[in-house]
Every structure is written in structure tokens, then in C-alpha cells.
Amino acid sequence: MSRRAGWLRILRARPGLTRGLLLAPGSLWLLVFFAIPLLFVVLASGLHRGEFSGVAPGLTLENYLRFADPLYLEVLGRTALWAGLTTAGCVVLGFPVAWVIARSRRFRNLLLFLVVIPFWTSFLVRTFAMIFLLRDSGLVNSLLLQTGLIHEPLTLLYTPFAVLLGLVYGFLPFMILPVYAALERLDPSLLEAAALLGARPSTRLRTVIVPLAFPGIVAGALLVFVSAFGSFLTSDLLGGAKQAMIGNLIQNQFTTARNWPFGSAASLIVMGVVMLAVLASLRVRDRAPRRLSRQAAEVAR
Amino acid sequence: MIDRRAFLQRVAILTGSFPIVSAVAGCGKEPKGPPAGSETLGPLEDRLNIYNWSDYIGPEVIPGFEKEFGVEVVYDTFESSEEMVAKLLAGAVGYDLVVPPTYAVTALRGANLLAQLSVKYLPNLPNLSSIFRGRPHDPDNRFTVPWQWGMTGIAWRTDRVSRPPQSWSVFLDRSWGGKMTMLDDVRDVIGAFLKYRGHSLNSADPSELEAAERDAIAAKKNLKAYLSAPVKSQLIGGDVWIAQLWNGDAAQAAREEPAISWALPDEGSTLWIDSLAVPRSAPHPRAAHEFINYILRPEIGASISRATGYGTPNQAAMPLLAKPVPYPDPGQLARLEVQTDLGAASGLWDEVWTRIKTA
Amino acid sequence: MKRQSRIALTMASVVYLFLHLPILVLVVFSFNQSKYSVRWTGFTLEWYRALLERSDLLRGLRVSLIVGLLSTVVATVFGTLLALGLTRRARPARFAEGLLYLPVVTPEIIAGISLLLVFAQAGIPLGIGTITIAHIAFNIGFVAIVVRARLEGMDRSLEEAASVLGADELTAFRTVTIPQLAPGILAGALLAFTMSFDDYVITSLVSGTGSSTLPMVVYSMVRRNIEPTVNAISTLVLLGTSIGIWLIFRLSRERPLATGRG
């Protein structure tokens, strides 16, 4: 027991030490296995393209300048649009699920696992199952034709609709899990108190539920947005590879185009843009809602 | 309290053991003989690491080799040759045999990653047909041995399409709109339209590429999607009627749906060759060579083609196949080209491809 | 309140159906006789039998499970500690938190190739170890983000109460903080395992000979030929993980669950 008391004395005397110890393992791992590799990327982005691949010596800004082409900016813009739509879709569909799970006492863990289990099958296999459902001769069309609701198969696959469906599907857990984690804190008595005080359902939603869930929604939205931003396989498989996303562009630089410097530069630009969005959103999250959630917590007392 | 000295001792043990760990881990794989690329190799090793496409080999080939030579084969698969090339270029080692397509061979050779073959261990080499030798990617046949070959053409539903599509221009034909696909591959799509205009599919000429880009964008409106191998199930299901596809895949689809046929366009197309190559870092070069020699046997070459449905470059294996993919006749050969690496022009092609995909 | 619940319940049910429909299709057609067709041509177990011959699929599954479990445990611990370290400070560490998103923001091919370059330069042999290292790296971020969402605005009064009652920091941490965090940690761990189990790009780049994961084997199969054998193994994976989860659930039921709400 004295050993432990000894440790605690040290930690109390130096508050920074506690924080340091907490941050150390994770940060070190990320530093060595993520940040340092990233330095390679930064270096590569400033070099020339090797003849067959890799890099050739010589510092240059040409890779960054090349990205300023309207062609690439258009791809970037379109990708941002898709990421935004996906995020919106995930918020709308994911929030009710997170709510139901958080409110459920008996089935909570089961419901949680049911959210995640579909994603323990391979992404490609899932997507091919969706293709199977949506194609002209697929299950959905077969059923609709059989019941006589339609006379010609609907073109569902290789459309923007299919892509959005696939993207929202793929990133739902990213929204559901953080929102659930935040909502789970919600004490039902808070809502009852608010109801007793005469608040309507929409008011209760606005002043109690959303503020408490807000950190979760922001975390979820950021996870979805950022991940959807880099995704391209879904658009390829469900959209028929007819539209290039920024992920396609970057992927191509490391595969068919074999232009690693340009791929590195493009990635860094994209990462920079997205990180700005992340930081901006975190600022939004840090401001008002804290006040609101504190108010809500005080209502409970 | 933990003794400071004891703590430091533990840290030293942990970090100090790391190089030992890596050395031990690599121990069993140290090459015992001369490295790959030497004229004379060492004795047969006990392991062989192959890196190939999936489902690209006959089921009895590996077990047969293992039993006859007493070598343990580790068979890893990749889903795109570009991914394999990128991995090798970034420095991944450990593979004894890789299976690159023609253009990748040029890139790998350019990066000095491939070893010259030690031909004294390949007495079965003469079994190969000369059609697949001496090609631009390996003019002296020093680095590769062909594995399988095929042609890119047009697969079509004979019960839905009245006339066989004999030209790449079919993709510009609006009457088949929404029922056609092309391969999701920069070389195949742009290459097709280069051939359409009578140019080489390895062209680096900006004006030729510009014309191909215009055609490709015009064709895009008629396409249902850009699909590679997965288009087979759509062809069988009747969702797609005309598809740019390789002859082997078309043959596989035809097994399920007899109303599928395949045509080589008049303007010409790609002759693709996937080859076996030995990386210079191969830890088991002798085993690699014995495997190459093994698959050059007629009966083994035949069993591979029987399983994959693609063409065998092994002339001696042809008589053993019931329905072999026939070698291209001189007329077809004249229209076929092998894809080589584009080198510096890759950037130009990539821009064109991005514009096609953004249109 | 009841009407609101009903709307939420209906929407949630629709979403669950949406999530599981492709899975249902997947499972059902693993028993279909035809290889490519959409039509049901007959029931068969042939694809499951074929699985027994596909030792590559079974080996891949084994590697995926090892890597998945190992990386999830480590990443959850490191990620939770990271989240705690970031939250316990006077001024909000927005920049440091933003950095957590860096692994998520980075395109997989970049993360994979750069990590491969580092491993190659350092002479570290590629294999299950390097895959696990990579998975831990990107999962730390995910876990930390999810746990942070839970920590934000978490009620500190319970911990204060505990210290008033005489518990030291470590005891308070163990008996109050962790149980309160538990749902967030669980959610983070679930996400981490999912990300690890299904990862392809980074994994394939840093894997070595003989260390192919299940996605690697499946992807290369599916790219060329979609066979119901793939459906069969996916169904088995689903079955296996569901049973595993159910067992864990039953076992954890023995101990009273701490809800952390006091």
C-alpha cells in the first residue's frame, strides 16, 4: 500500500506528470508509426517524379502548383459535396438509432452489436450484396415487377442514389457509436422533469437532448465527413466508376500513374483542407453547447 | 517504489531485444546460396513464397509441387497488379515469385527490382510458344517467363445484339445506350480509342491522346458503368449486353450463359501477358526456378489453363487441352499490341483519365 | 414523449432493416446452387464444403482474428488514456484533439505506403506484427474520438463525491470514472475491431508473406470472380462472431452491471 501512496504523492505534486503519463503511450505510438511516416510523405511531395516510380532528387513545388488546376479543384469540390450529403444522411438515420439504443435498458448491448455486426463481413462482399439487390435484374426490381408495381426495371444501380445509399450505409456506425456514447449519459429523470415543467417534446429535444448529444453528434459527423471524403471504392462499385473522387485521384497516383510526389502533395492538400474543417467544427462544439448542457444539468438539480 | 536502476535495466532489455528479435525472425529466411540473378544458384531451399492473383492457378499445381520437391509453398494473393508493384517499389521483400503484367515488368526492371533468370535451371523453356517471347517489355527474355495470356476485346449477348460488334465504335453507338460497359482501367479505355483512330495503345502523343479523350467522353454517355471482372454476372443476368472484356473471362461467362460470345475488334487491341518474375531480393531463388521449370511442363501448363480458362503460353500443353484458347492467327497478331510502361507519359494519361472520369 | 419514442423506434427499425438487408441476401445466397445467377436455382451446401478446401480463407480468418483482437485491446487502452489526458485540463486542447483526427483524415494508401517505407528502411520484416502495429496506429485515433465524445461534459461531481468520501484518485478512477466511461470505451472498442477486421489497403501494403488477412483473400477473390464461397465464409464469420458476442454477454451478465449513474 505504501508503494501506491508513494506514486500518488508524486503524481499529486506534479499534475503535468499525470497528464503526460496518460498521453504518452498513445502519442508515442502515433508519433513513431504515423507522424514519422507522414514526414516521408511531406518530403516526397516536394521532390520530382522518378522515371518509373518513386522519387527523383530535386526539390520542387510543381506538385502543389499542379493541384491548382480547375480539374482537380472540381474533383475536390464534388468529393466535399458527397461527404456533406453522406454526413447529413448519417445524422438523420443515425440519431434515432443511437437514441433507441441509449434509452433501452435490457437490449442495449444487443442493439449495439446488431449495429456493428454487418460490418464484420467484408466491405466488398457487403457492397456486392447491395449490387445484387439494386441491379436491373436484382432482387428489388424482381419483387417490384412481380407485384406489378412497375413494368420496366428501375435503374437503381450505377446512379447517384446508389452511391449515397452505399456511403450512408458504410458510415452509419461512425455516427451511431459516438452519439450513443454521448446520449447514454442522459438521465430519463431530466426529461421527465422537463416534461413536468411543461416543456413540449420539441423543446425538450432542443434544450435537453440535443445539447447533451451534441459532442457525440459533432464527433460522429466529423468521423463520417472525414471518412467519406477519402472514400472512393463505394462510388466506384455502386456508381459504376463514372465519377472520380479525390480518393480515386490519389489512389491512381500510387498505382497506374506512378506519380508518388503528386499523390503526396494532393493528399497533403486534401488533409489540410479537411483538418481545417475539423478544427472549425471543434470550435463550434466547444462554444455554446457547453453552456446549454450545464444549464440542462442544473435543471436536473 | 521501483528501483530506478531496475527500471532502466528493463527498458534496456526491451529495446535491446528488438534487433535480436528481427534477426531471429529473419533467421530462417536467410538465403543459403548465391542471391537471385546469379548464374549458378545454391541448393534447393525448403520454402517458396509466391505472390499472384487469386484463382489464377490450378488446384493441384501447388500440392503437386510441394509433394514432388519437398518445398513448402506460401501463396499470397493481390487484387491489382499496381498494388503489387507499389508494394515492391516501396521496399517490401520476401517474395520469391511475382506475377506482373507486361507494363509492370518494365517499371520493375527500371527500378532494378527484378533478377535475371538463371536459365540453366529452366530446361523446359523451349516448351514456350515464340509468340509470347521477345516482346518489348522483356526483349531478351532474361527476366520473365509467361504465365498466362489473353486478349482484350468485346463480349456480347448473341440473343440481344443482332450483329457482332467488330469495332470499338460500338461504344459510340447510342442505340445500345445504357447496356454497355467498358473496363475500369485507364490503359484499356484510352487504349481502345487510340486503336480506334489507328494509333498505338502505348502512345505518348498529346494530339492522339486528345482525340482518344474526346471519343472516350462521347462514349461515356452510352455506358452503364465502368466495370472490370465483376461485369460477368451482369452479362449473364442480361443487365449488360456489350462489355469490353478479356477473352478468358468471356469464356467463363459463356459457360454459365451460352448466349455470350467474344469478338476482337478490327482496329486491334491488347495482347496481355502475365509473367512469372523473380525479385532480386528473393530469399529462395532456387526453389523459384524449380517452380518455373515445373509449370513449364506440358501437363502442368495445361492444368493451369484448364482451371483459369485463359490461354497457355506453353505450346507443348496445347494438345493436352480439350478446348484450348487458340493462339492468335497472323491476322489477329498484326492487330494486337503489348502494353508497355508509359514512363513519363503516365502523368499525361492520368490527366486524360481524370478528365474522362470528371466529365 | 410516447409519440416521440414511437417515431424514433420506427425510424430505428427501418435503419436496422436497411443495415441487415444486404447481409440477409448474402446469407441466403450462400446456399444458392447457381454460381452467378440472381435466380434461386436450388439449395446446396456445396459452397460450405468448398470452404474446407480453401485453406487460404481459413488461414486469413485466423490472421484477421489475431490482429483484430490484439490491436483492439491495445488501441482501446492507449486511446482511452489519450482521451483522458486530453480532457483533464483547464483550457480545451482543441489542437491536440484535432490531431486525433489525423489518422482518420489520411488516405489509406498514403498511410500504408509511408508506413511500408518506414518498415522497409528500418529493416523490420513484414508480417502479422507489422499489420498489428499499423492497425493500432489508426485505431487509437478512432477510440480516442469516441471516448472523448463520452467524456465531454461528463459529470465530475461523482468523482468529487468519491474523494470527499475518502477515496484516493486511483480508487476514484477505478470505481467511478471507468464505469461511467464504460459505454464509450465499449463503443470505441467495437469500432476499433470493426475497422481492423475489415481493413484492406493499409493491411495489404504492410503484410508479409503468409500473413494475409481475410479481407485480403476475399478481395482478390471477389475482384475476379464473385463466388458463393465468399458468401459462405461471410455467413460463417457472422455466425461465429454472433455466437462469440453472445457468450461474452452471458458471461458478463454474472457480474452486476455498473451503470455509472449513481
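**Entry 1: a leucine in chain B.** I started with B:Leu48 and listed its contacts, meaning heavy atoms within 4.5 Å. Leaving aside neighbours within four places in sequence, B:Leu48 is in contact with B:Phe65, B:Val71, B:Glu72, B:Val73, B:Val74, B:Asp96, B:Leu97, B:His284, B:Ala287, B:Ala288 and B:Phe291.

**Entry 2: ground rules.** I noted that this is a predicted model, where local features need pLDDT of at least 70 and side-chain atom pairs count only at pLDDT 80 or more, while totals for chains, interfaces and linings use all residues. Residues are numbered from 1 along each chain as its sequence is written, chains are lettered from A and ligands numbered from 1 in the order in which they are written, and side-chain values use heavy atoms, with hydrogens and water left out.

**Entry 3: the cores.** Next I looked up nonpolar cores, which are sets of buried Ala, Val, Leu, Ile, Met, Phe, Trp, Tyr and Cys residues joined through side-chain atoms within 4.5 Å. Buried means under 20% relative accessible area, exposed over 50%, and partly exposed in between, with a 1.4 Å probe and protein chains only. Which residues touch the most other members of the largest core? They are B:Leu48 and B:Phe291, in a core of 227 residues. Helix 8 (residues 160-183) of chain A gives the most to this core, with 15 residues. I take helices (H or I, at least four residues) and strands (E, at least two) as DSSP runs, numbered from the N terminus. This core also draws at least three residues from each of domain 1 (1-45) and domain 2 (61-300) of chain A; the domain bounds come from an automatic or database domain assignment. A second, separate core has 31 residues, including B:Ile154, B:Val186, B:Ile190 and B:Ile356.

**Entry 4: the two domains.** I went back to domains 1 and 2 of chain A and found their C-alpha centres 31 Å apart. Five residues of domain 1 are in contact with seven residues of domain 2.

**Entry 5: helix 10 of chain A.** Helix 10 bends by about 50° at A:Phe214, and a proline, A:Pro215, follows within four residues. Of its 30 residues, 21 are buried.

Entry 6: A:Ser231 sits in the loop between helix 10 (201-230) and helix 11 (233-239) of chain A. Is A:Ser231 buried or exposed? It counts as buried because its relative accessibility is 14%. Not counting residues up to four places away in sequence, A:Ser231 touches A:Leu167, A:Phe171 and A:Met245.

**Entry 7: a helix in chain C.** Helix 7 (residues 128-151) of chain C reaches 33 Å from first to last C-alpha, close to the 34 Å expected for its 24 residues. I noted a bend of about 30° at C:Asn139, and 22 of the 24 residues are buried.

**Entry 8: a loop histidine.** B:His137 lies in the loop between helix 4 (102-110) and strand 4 (144-157) of chain B. With a relative accessible area of 4%, B:His137 is buried. Its contacts beyond four places in sequence include B:Thr102, B:Arg109, B:Ile273 and B:Val338.

How values were computed
The bend at a residue is the angle between axes fitted to the seven residues ending there and the seven starting there. The expected span of a helix is 1.5 Å times one less than its number of residues.
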